[in-house]
Amino acid sequence: MSRPGGNAGLLSDRQVELIATRLAERVSGSAATRPTPKPANAAPRPAPVTAPTGARRDGLGDGIFATVDDAVDAAATAFRKLDGMSLEGRQNIIASIRESMFENAEELARLAHAETGLGRVEDKIVKNRLVTRKTSGTEVLVPHAVTGDSGLTLTEYAPYGVIGTITPTTNPTSTIICNTIAMVSAGNSIVFNVHPSARECSMANVRLLHHAITRAGGPANLVTAVATPTIESAQELMTHQGVRLLAVTGGSGVVRQAMTSGKRAICAGPGNPPVVVDATADLDYAARNIIAGASFDNNIVCVDEKEVIAVESVVDDLLKHMGQHGARVLNEQELHKVTNVIFSEYPGRRQRATLEKDLIGKNASEILARAGIASHGDPRLLVVRVTNGHPLIWTEQMMPVLPVTAVPDVDRAIELAKEAEHGFGHSSGMYSRDIDALSRMARTINTSIFTKNGPFFAGLGEGGEGHTSFTIASPTGEGLTGPVAFSRLRRCVMVDHFRIV
Ligand code: NAD
């Protein structure tokens with residue numbers, strides 16, 4: 001397994017091997033699983049239907065295929081089998097997936113962290129559990145009926161077929177779990193082309209899903225993956241004639257590619273989420289919650305707070321509270337040292353910088369060490385006051401380094417937030433007790449998720465109401481995707497009958 005070197009806190013090769021072996025044993029059914037609490041909606045585990053085979057020596061099998069063609073063919077066969085099953089059968093499959101993912105959330109998180117070197121294990125566990133619990137299932141596919149003098153018209157949600165699905169390195173396992181629950185709930189099968197840097201944890205995840213599905217009586221290869229994913233295999237998948245729909249989660253490059261593929265594509269692209277703090281905000285509360293949000297998985301989650309825009313009259317107090325709540329507040333000299341190491345190319349005002357790739361998603365203490373700044377303890381977040389034009393405000397930095405800038409009033413703050421978000425329409429939020437200002441910002445910035453007075457992960461349903469998704473489709477407009485987004489609408493009309501009142 002290739003792993004980036006020099007990352008303090010990563011597991012040793014031996015530890016990674018042990019986790020991978022334990023997961024493989026669980027897949028083959030030979031290891032006793034730990035007793036873990038079941039999610040509320042988990043059904044009793046059905047008796048195994050097919051004998052699990054375990055991993056083959058060549059790494060294939062259990063849903064993993066050498067070529068895109070083979071994966072699509074197998075997923076197409078599985079789709080037809082699922083199409084012939086009852087809705088209750090599909091619900092049993094989803095319950096079995098939730099149960100297995102709940103049991104394995106921690107190990108998958110450790111594997112993802114060890115392989116990618118990004119984020120924090122404890123936060124990856126939270127992400128895996130969140131998608132397992134709160135990704136919507138079949139219950140949201142509620143048919144719509146209209147009756148009148150001319151009879152009854154019914155609209156129902158139907159599957160597309162095989163969905164070609166591209167996943168990121170920042171949330172590798174949580175995206176796979178989330179996409180699988182949503183897409184299979186809608187009756188589809190899947191071919192994953194995962195990020196090459198997250199191959200091992202993704203393949204382990206697909207194997208577990210394959211066995212959770214077959215254990216519940218579902219078809220083999222409902223969830224498949226390309227064994228050695230590359231950009232080329234992703235592009236092959238995007239144009240494959242056996243694929244009905246694309247779902248891509250990643251940066252601007254992959255979104256552009258999917259949108260020009262000629263297929264219908266659901267695209268979840270990048271963001272640069274701003275948080276505004278106005279003069280009416282509870283500053284202590286805002287400081288605590290901004291730190292929690294911006295440090296979540298070391299800021300690699302696309303919805304995490306990436307820049308703070310505060311009104312001038314409160315900015316000093318806000319920074320003071322952030323320091324009191326455990327953020328390390330940098331001075332101007334330290335800002336220069338940190339930007340020197342986190343940016344490989346440092347452009348002018350209001351420009352996006354190029355990131356030093358091997359510091360993406362690393363702990364704050366590692367960034368401080370690289371910058372030659374003494375670190376005390378393990379701060380979750382570095383915070384620094386900058387000018388409005390500083391590249392930190394304009395760059396999706398994906399590191400626990402949060403810039404705070406000041407403007408004269410709340411209207412100017414909303415205006416700057418809209419500019420800094422670059423029109424991605426992804427995520428944003430505000431701390432305020434002024435309901436007019438909150439409404440004004442929500443309307444003006446027009447993002448898929450707008451969080452008022454809380455950490456942005458509340459917008460994902462972690463500490464906030466509503467379902468979750470790790471594929472937030474802003475460029476194509478579906479927002480937090482779920483089974484409805486992965487369904488085709490079909491209408492059935494009965495003329496002159498079945499209005500029974
Ligand atoms: P990335 O764009 O480097 O890779 C994402 C996936 O796309 C990978 O599987 C990669 O192999 C593939 N890919 C990249 N370029 C491609 C191309 N030209 N053709 C075909 N496939 C291509 O992104 P990443 O570093 O893995 O993830 C971080 C980015 O993704 C950030 O910008 C983040 O905001 C975004 N993201 C968005 C969401 C969302 O829900 N909107 C969720 C997670 C991540």
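Start by selecting Asp297, which sits in the loop between α9 (283–294) and β10 (307–311). Keep in mind that you're looking at a predicted model. Check the backbone here: phi of Asp297 is near 50°, a positive value in a residue other than glycine. Is Asp297 buried or exposed? It's buried, with a relative accessible area of 0%.

Now jump to Asn446, in the loop between α15 (435–445) and β17 (449–452). Its phi is positive too, near 60°, and Asn446 isn't a glycine either. This residue is exposed, though, with a relative accessible area of 57%.

Next, the nonpolar cores. Select Val277, Ile290, Val308, Leu318, Met322, Ile342 and Met430: these have the most contacts inside the largest nonpolar core, which has 66 residues. Zoom in on Val277 and, skipping its neighbours within four places in sequence, you'll find it in contact with residues including Leu283, Val314 and Tyr431. Apart from this core lies another one, of 56 residues, with Ile97, Tyr160, Leu208 and Val303 among them. In soluble globular proteins, nonpolar side chains tend to be buried together.

Last stop: the sheet. Colour its six strands and follow the order β1-β6-β5-β4-β7-β8; the sheet is open and the pairing is parallel. At the edges, β1 (64–65) and β8 (265–268) each pair on one side only. Then pick β4 (residues 162–166) and β5 (residues 189–193), which share five bridges; Ile166 has Asn193 in β5 as its bridge partner.

Definitions and conventions: Residues are numbered from 1 along each chain as its sequence is written. This is a predicted model: local features need pLDDT of at least 70, side-chain atom pairs count only at pLDDT 80 or more; totals for chains, interfaces and linings use all residues. Side-chain values use heavy atoms; hydrogens and water are left out. Helices (H or I, at least four residues) and strands (E, at least two) are DSSP runs, numbered from the N terminus. Buried means under 20% relative accessible area, exposed over 50%, partly exposed in between (1.4 Å probe, protein chains only). A nonpolar core is a set of buried Ala, Val, Leu, Ile, Met, Phe, Trp, Tyr and Cys residues joined through side-chain atoms within 4.5 Å. Contact means heavy atoms within 4.5 Å. Two strands pair if DSSP finds at least two bridges between them.
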